[in-house]
Amino acid sequence: MLKYLPYVLLTALATMFIYGWGLIKMQRQTRDLLSMLYSKCERKVRKQLQKKGKMTLKEIEGLIKGTQVSFFYSKQRLGVTDEKTFAKSMLSHMKENGMLTENYEKGKRTYSLAEKTK
């Protein structure tokens, strides 16, 4: 009877560890999805800016409209539904990190890649 006690304890510890890991993963899922969404949209914008050189806010909004991300192990998805608000937030984040420069030409605001990211 006592020879089975270590096996029962190891099974309980493994179960506790896996349950705890899953719980933490579930709590961080929304934050990780939001981070993935920002990253995916930033990649799209950088790629398009490398091709075009300059883009307006309207063009960027059209580019990121409908973008979605998800984890392969989950049904939960996160996507851009309000592209105006998301684009402004993403562009300010990109400017703070030095990825973009904001220019004013003929009364229009345009965005281009910063020199160090080209």
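Close-up 1. Glu102 is partly exposed, with a relative accessible area of 27%, where buried means under 20% relative accessible area, exposed means over 50% and partly exposed lies in between, for a 1.4 Å probe and protein chains only. Arg109, which is likewise described as partly exposed at a relative accessible area of 42%, forms a salt bridge with Glu102, and the closest N and O atoms of this pair are 3.1 Å apart. Salt bridges that share partners bring Lys95, Glu102 and Arg109 together in one network, a salt bridge being a side-chain nitrogen of Lys or Arg within 4 Å of a carboxyl oxygen of Asp or Glu. The model is a predicted one, in which local features need pLDDT of at least 70 and side-chain atom pairs count only at pLDDT 80 or more, while totals for chains, interfaces and linings use all residues. Residues are numbered from 1 along each chain as its sequence is written, and side-chain values use heavy atoms, with hydrogens and water left out.

Close-up 2. Glu105 is partly exposed at a relative accessible area of 33%, and Lys54 is partly exposed at 41%. The side chains of Lys52 and Glu59 also meet in a salt bridge, at 3.8 Å from N to O.

Close-up 3. Strand β4 (residues 100–105) and strand β5 (residues 108–113) pair in the antiparallel sense over six bridges, where two strands pair if DSSP finds at least two bridges between them. Helices (H or I, at least four residues) and strands (E, at least two) are DSSP runs, numbered from the N terminus. Leu100 stands opposite Leu113 in β5. Two residues lie between the strands of this hairpin, and Lys106, in the loop between β4 and β5, has a positive phi of about 55 degrees although it is not a glycine. Lys106 counts as exposed, at 88% relative accessibility.

Close-up 4. An open sheet of three strands has the order β1-β5-β4, with antiparallel pairing, and its edge strands, β1 (55–56) and β4, each pair on one side only. Two bridges join β1 to β5, and Met55 stands opposite Tyr111 in β5. Helix α2 (residues 29–52) packs on the sheet and touches β1, β4 and β5, its direction making about 100 degrees with that of β5; axes are lines fitted to C-alpha atoms, for helices over the stretch in contact, and angles run from 0 to 180 degrees between N-to-C directions. Thr110, in strand β5, counts as buried at 9% relative accessibility. Leaving aside neighbours within four places in sequence, Thr110 is in contact (heavy atoms within 4.5 Å) with residues including Lys54, Thr56 and Asn103.

**Close-up 5. The aromatic cluster of Phe71, Phe72 and Tyr73.** Phe71, Phe72 and Tyr73 form one aromatic cluster; rings of Phe, Tyr and Trp (its six-membered ring) pair if their centres lie within 6.5 Å, with planes under 30 degrees apart counted as stacked, over 60 as edge-to-face and the rest as tilted. Phe71 and Tyr73 are stacked, 5.2 Å centre to centre with 10 degrees between the planes. The rings of Phe72 and Tyr73 have their centres 5.3 Å apart and their planes at 90 degrees, so this pair is edge-to-face.
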